[in-house]
Amino acid sequence: MGKIGAVFAGFADLASQWAVHTPGGTAGRVQHTGDDFVGFRRGHRDGGVAAWRFERRKMGNRGRFCRFCGLGPPGSGSCPEGTAGRDRHTGDDFGRVRAVQGKWTGSSNWSTLLDPLNGEQFIRIAEVGEKEIQPFVESLSKCPKHGLHNPFKSPERYLLYGDISTKAAHMLSLPKVSNFFTRLIQRVSPKSYQQALGEVQVTQKFLENFCGDQVRFLARLFAVPGNHLGQQSHGYRWPYGPVAIITPFNFPLEIPVLQLMGALYMGNKPILKVDSKVSIVMEQMMRLLHYCGLPVEDVDFINSDGKTMNKLLMEANPRMTLFTGSSRVAEKLAVDLKGRVKLEDAGFDWKILGPDVNEVAYVSWVCDQDAYACSGQKCSAQSVLFMHENWSSTSLLSKMKDLADRRKLEDLTVGPVLTIAHKIPFSNGG
């Protein structure tokens, strides 16, 4: 299976014992077994709070792996047990959770995230402050506007990323690896197992689609004959160079992986910021991608608040920023970055049922899924339902109520939902 496969197998074995909902449990502990969380970048305990670190402990008969890095038996040569608080493979201190210029580095600014299910202290995270952004600015400035590769520069990197996608897709296809990421998504962004698993599967299929030569084919150029002999017009798909990617909390794996890999395929040098509340998922995926061959210097990974990230963007001046999130922030970025931004912002999604009534049971199921799956936090979530009066004589509303009543926090088929009364902006007067 290999080292990393063994690690994720152990993670998944223990993850299957987790109580995804942990009210009454001790922060940083598994409710059923009392074991420490595994798969996180976890360092020394501080008030019961778990920082991040690959680690497995108290594994019983499975405890054959180094309790510091989890990647091999203690004293095996490949992973000798050594100084506590140090990563035996990289020499880095545990709990460092940002990557810049090819290195995982620390921060003087630590914040504590609260458990979304019980409000207890959950994860400590090193957030970059406004005075610590210079290494990220310098890293982006080192990337030229013609990118890390293009059709004329280092074209072999197209094949490299095809190989990375092949290996990463294979890893995510392993049941124990996909289960690990599914449970981790559930732990920080509460949603049902099937909803979280779907996110992992979509990501795996995306990577499959860009295996082998497919990345190279993305850079396919075109040629148009000219007006006379020797004249031709050629068009090339060219990278932007230094870019930024900012992603939200609701899809902590799917959105950042798809956007990140698309940027990398074409030769860009991205800085990635995932919502800090869920960034542990992408931090783990980054380490998996590094194992699969991703050059560590190709991506910078940052945790920070919005104000700090805005300052970084203004100073680093990336040639393009891809933002997924609120319309308010999107409008500010559009002005601050002078239009050098691509946006996927919030929406208010209507569902309209016309006069033709059929498949009531199916329609009610679709309405329930669209409204409440992932607690209504999907980009395509149903915000409001308009239905023709013909539907009022059917069992649609009662079926929708019955389906909604089945959802409960215990299995994460629904999370906290705030109901706000809106004045309907429609009237006979227009």
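# Briefing: helix packing, a covered strand and selected loop residues

Helix H9 is followed by Asn317, whose phi is positive, near 50 degrees. The model is predicted: local features need pLDDT of at least 70, side-chain atom pairs count only at pLDDT 80 or more, and totals for chains, interfaces and linings use all residues. Residues are numbered from 1 along each chain as its sequence is written, and side-chain values use heavy atoms, with hydrogens and water left out.

**Overall make-up**

- The protein has 12 helices and 13 strands. Both are DSSP runs, numbered from the N terminus: helices are H or I with at least four residues, strands are E with at least two.
- The protein has 430 residues, and 49% of them are buried. Buried means under 20% relative accessible area, exposed means over 50%, and partly exposed lies in between (1.4 Å probe, protein chains only).
- Among contacts with a separation of 6 or more, 64% join residues 24 or more positions apart. A contact means heavy atoms within 4.5 Å.

**Helix H9 and its cover**

- H9 spans residues 306-316.
- Its buried residues are Thr308, Met309, Asn310, Leu312, Leu313 and Ala316.
- The cover over these buried residues includes helices H2 (134-141) and H10 (327-336). It also includes strands S7, S8, S9 and S10 (320-325).

- S7 (residues 242-247) is mostly covered, with 6 of its 6 residues buried.
- Pro242, Ala244 and Ile246 are buried on one side of S7. Val243, Ile245 and Thr247 are buried on the other.
- S7 and S8 (residues 269-274) run parallel and are joined by 6 bridges. Two strands pair if DSSP finds at least two bridges between them.

**Helix pair H3 and H8**

- Two packed helices are described by the angle between their axes and the distance between the axes.
- H3 (residues 156-173) packs on H8 (residues 279-291) at about 125 degrees, with the axes 9 Å apart. Therefore H3 is oblique to H8.
- Axes are lines fitted to C-alpha atoms, for helices over the stretch in contact, and angles run from 0 to 180 degrees between N-to-C directions.
- Angles under 35 degrees count as roughly parallel, over 145 as roughly antiparallel, 65 to 115 as roughly perpendicular and the rest as oblique.
- The crossing of H3 and H8 is right-handed. A crossing is right-handed if the near helix is turned clockwise from the far one by less than a right angle, and left-handed if anticlockwise.
- On the H3 side, Ile164, Ala168, Met171 and Leu172 make the contact. They meet Met285, Leu288 and Leu289 of H8.
- The residues of this H3 and H8 contact are 7 nonpolar, no polar and no charged. Nonpolar covers Ala, Val, Leu, Ile, Met, Phe, Trp, Tyr, Cys and Pro; charged covers Asp, Glu, Lys and Arg; the others, Gly among them, are polar.

**Helix pair H4 and H5**

- H4 (residues 175-188) and H5 (residues 193-209) cross at roughly 125 degrees, and their axes come within 8 Å. H4 is therefore oblique to H5.
- H4 passes H5 in a right-handed crossing.
- H4 contributes Ser178, Asn179, Phe181, Thr182, Arg183, Ile185 and Gln186 to the contact. H5 contributes Tyr193, Ala196, Leu197, Glu199 and Val200.
- By class, the residues of the H4 and H5 contact are 6 nonpolar, 4 polar and 2 charged.

**Ser304**

- Ser304 sits in the loop between S9 (300-302) and H9.
- Ser304 is buried, at 2% relative accessible area.
- Leaving out residues up to four places away in sequence, Ser304 touches Glu127, Val128, Lys273, Ser276 and Met309.
- Ser304 and Ile133 are 171 residues apart along the chain, with their C-alpha atoms separated by 9.6 Å.

**Positive phi in two loops**

- Ser154 is not a glycine, yet its phi is positive, about 45 degrees. Ser154 lies in the loop between H2 and H3 and is partly exposed, at 26% relative accessibility.
- Lys338, also a residue other than glycine, has a positive phi near 55 degrees. Lys338 lies in the loop between H10 and S11 (341-345) and is exposed, at 71% relative accessible area.

**Thr394**

- Thr394 is in the loop between S13 (382-387) and H12 (396-406). Thr394 is partly exposed, at 25% relative accessible area.
- Beyond neighbours within four places in sequence, Thr394 contacts Val357 and Val360. Thr394 and Val360 are 34 residues apart in sequence and 7.6 Å apart in space, C-alpha to C-alpha.
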